[in-house]
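Hi everyone, thanks for making time. I'd like to walk you through one model today, so please have a look at it first.

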Amino acid sequence: MEQNVHFITFAVADLDAARRCYVDALGWRALLDVPDEIIFLQVAPGVVLGLFRADKFNQDIADGADRATVSGVTLSHNVPGPAEVERTVEALRRAGAVVLKPPQAGEFGGIFHAHVQDPNGIVWEIAHNPGWRVEPDGTVVLG
């Protein structure tokens, strides 16, 4: 198997709240929006974030378990500066997200960041990391 991820899919209890948060508040464009089922958002070249209605998510896995909880996962969105961290966190808060950690200097790595939980429980780190960049070939540099 190649070292690659193409889809990251989360079960969400409230698909409409997800739509309000990502599409309406943040202005992200849906790659595909199937009402009452799933929203696909292209989040990077070749990478799609899927927000799948929880009951449909469980039906798709079909093992009888409830796999619709989010735990121990953080998605990170890097922005050009601290002001963008603050603006993004505020936009998410207005869309119904809960600010878990307000924008502040990080304890390590020279970053400025915040943690926000979207209306369905997905935790996002909104960060400015001056040592992080993406090369023209798509390689991530951490430093």
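I'll go from the core to the ring pairs, then to the salt bridges and a surface patch.

A word on ground rules: this is a predicted model, where local features need pLDDT of at least 70 and side-chain atom pairs count only at pLDDT 80 or more, while totals for chains, interfaces and linings use all residues. Residues are numbered from 1 along each chain as its sequence is written, and side-chain values use heavy atoms, with hydrogens and water left out.

Let's start inside. The largest nonpolar core has 23 residues; by core I mean a set of buried Ala, Val, Leu, Ile, Met, Phe, Trp, Tyr and Cys residues joined through side-chain atoms within 4.5 Å. Buried is under 20% relative accessible area, exposed is over 50%, and partly exposed is in between, with a 1.4 Å probe and protein chains only. Tyr22, Leu49, Leu51, Val85, Ile122, Trp124 and Ile126 have the most contacts inside this core. Among the elements that each supply at least two of its residues are β1 (7–12), α3 (82–94) and β8. Helices (H or I, at least four residues) and strands (E, at least two) are DSSP runs, numbered from the N terminus. Which element gives the largest share of this core? That is α1, with 4 residues. Apart from this core lies another one, of 7 residues, among them Ala11, Ile38, Phe40 and Phe57.

Take Ile126 as an example. Beyond its neighbours within four places in sequence, Ile126 is in contact (heavy atoms within 4.5 Å) with residues including His77, Val85, Leu92 and Phe112.

Now the rings. There are 5 aromatic pairs in the structure. Rings of Phe, Tyr and Trp (its six-membered ring) pair if their centres lie within 6.5 Å; planes under 30 degrees apart are stacked, over 60 edge-to-face, and the rest tilted. Tyr22 and Trp28 make a tilted pair, because their planes are at 45°, with ring centres 5.5 Å apart. Tyr22 is buried at 1% relative accessibility, whereas Trp28 is partly exposed at 23%. Tyr22 also pairs with Trp124, again tilted, with centres 6.1 Å apart and planes at 50°. That pair links distant parts of the chain, with Tyr22 in helix α1 (residues 15–25) and Trp124 in strand β8 (residues 123–128), 102 residues apart. Trp124 is buried too, at 7%. Ring pairs join Tyr22, Trp28 and Trp124 into a cluster.

On to charges. The structure holds 7 salt bridges, each a side-chain nitrogen of Lys or Arg within 4 Å of a carboxyl oxygen of Asp or Glu. One of them joins Arg19 to Asp33 at 2.8 Å, N to O. Arg19 sits in helix α1 and Asp33 in strand β2 (residues 30–34), 14 residues apart. Arg19 is buried at 18%, while Asp33 is partly exposed at 30%. Another links Arg94 and Glu90, with 3.7 Å between the closest N and O atoms; these two are 4 residues apart in helix α3, so about one helical turn separates them.

Last stop, the surface. Trp132, Val134, Val140 and Leu142 form a nonpolar patch with about 380 Å² of accessible area together. Patch members have over 30% relative accessible area and no salt bridge; like charges are joined within 9 Å, nonpolar side chains (Val, Leu, Ile, Met, Phe, Trp, Tyr) within 5 Å. Areas come from the Shrake-Rupley method with a 1.4 Å probe, and for residues only the protein chains shown count as cover. Both β9 (132–134) and β10 (140–142) supply at least two residues of the patch. Leu142, in strand β10, is exposed at 68% relative accessibility.
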